[in-house]
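Please look over the sequence and the 3D structure below before reading on. The notes that follow go through them topic by topic.

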Amino acid sequence: MTCPTRLIENARHRFRHIAGILRGSDPKRRDEFVVLSAHLDHLGIGEPINGDRIYNGAMDNASGVAAILEVAARLHKSGVRLARSILFLAVTGEEKGELGSRYFAANPTVPGGSIVANVNTDMFLPLFPLKTLMVLGLDESDLGKDIQATAKELGLEVQADPEPQRNRFVRSDQYSFIRAGIPALAMKVGYRENTRESAIAATWTKERYHAPSDDLDQPVDLQAADKYVDTVLKLAVRIANRADKPMWYDSSFFKRFEKGK
Ligand SMILES: [Zn+2]
């Protein structure tokens, strides 16, 4: 057995989180944070496949980090003033079992209890046009209403996890925030079953997921990536400007992680 905390301590000189803040402007809400997260680690150097040992992780998860960097750049450039603050967070240690985000959720760089929501992006897979947004956590908290409203504005269909048996809501960094009691969502480019898109996604998982070929030579739908960035941006703005803090639904399994319950 390994101690996750010690692993992170040992790795600290090699692997770091990177965080940035866009300060909110409302005196009552500026000390509350909406965290936009993505993991920056991947698998490194491993067993060669077709003579290549470099596991690049372009989709998993350079794409997620690029998305939150682009949201930060667009928000900064627009000069928009939000009520709450946004914390852009690139975490390490996801591939080791979300160790980095667990460490951050237990030792946040902002005051405890000030994080009101997490929106995580991990491998959002812009492989074909973004028409359907797949949302993990859609029915767990009232963040679901925020993403429904955002999707409507952008003309996107919203889809809950079509494969709930894979437990994906608890299989990336959002779960670290969920366990700290913080309402969260995670999103990807969605698709319907038995379509051209589902075939492309299945081929990607088979051929490129956690393989050296998850690199810059693969086809990317840049318009889908652009639209995804726009979706995260508009969602973040909506959450940051909400009058009330996001809440777990009473019916949600995850409500039990709220502080003091
Ligand atoms: Zn991965």
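Is Ser198 buried or exposed? Ser198 is buried, because its relative accessible area is 12%, where buried means under 20% relative accessible area, exposed means over 50%, and partly exposed lies in between, computed with a 1.4 Å probe on protein chains only. This is a predicted model, in which local features need pLDDT of at least 70 and side-chain atom pairs count only at pLDDT 80 or more, while totals for chains, interfaces and linings use all residues. Residues are numbered from 1 along each chain as its sequence is written, and side-chain values use heavy atoms, with hydrogens and water left out.

**Helix H6 and Ser198**

- Ser198 is found in helix H6, where helices (H or I, at least four residues) and strands (E, at least two) are DSSP runs numbered from the N terminus.
- The side chain of Ser198 reaches the backbone oxygen of Thr195 at 2.9 Å, which is a polar contact (a pair of N or O atoms within 3.5 Å; within protein, one must be able to donate a hydrogen and the other to accept it, and residues adjacent in sequence count only if both atoms are side-chain atoms).
- Leaving out residues up to four places away in sequence, Ser198 touches Tyr191, Arg192 and Glu193, with contact meaning heavy atoms within 4.5 Å.
- Lys206 is also found in helix H6, and Lys206 counts as exposed because its relative accessible area is 73%.
- Between the C-alpha atoms of Lys206 and Ala66 there are 24 Å in space, and the two residues are 140 residues apart in sequence.

**Helix H2**

- The peptide bond from Asp60 to Asn61 is cis, with omega near 15°, and Asn61 lies in helix H2.
- After H2 comes Gly79, which has a positive phi near 70°.

**The zinc site**

- The zinc ion has as its protein donors Asp60 (OD), Glu95 (OE), Glu95 (OE) and His210 (NE2), at 1.9 to 2.5 Å from the ion; donors are N, O and S atoms within 2.8 Å of the metal (3.2 Å for Na, K and Ca), and water is not among the atoms, so sites may look incomplete.
- The angles among the four donor atoms run from 56 to 150°, and the site is irregular; four donors count as tetrahedral if all angles lie between 85 and 135 degrees, four count as square planar and six as octahedral if opposite donors are over 155 degrees apart and all others between 65 and 115, and anything else is irregular.
- Along the chain, the donors follow the spacing D-x34-E-x114-H, and distant parts of the chain are linked by Asp60 in helix H2 and His210 in the loop between H6 and H7, 150 residues apart.
- Asp60 counts as buried because its relative accessibility is 2%, whereas His210 counts as partly exposed because its relative accessibility is 26%.

**Residues with a positive phi**

- Most residues other than glycine have a negative phi, and most peptide bonds are trans.
- His210 has a positive phi of about 50° although it is not a glycine.
- Met123, which is not a glycine either, has a positive phi of about 55°, and Met123 is found in the loop between strand E6 (115–120) and strand E7 (132–136).

- At the start of H7, a side-chain oxygen of Asp221 comes within 3.2 Å of the backbone nitrogen of Gln223.
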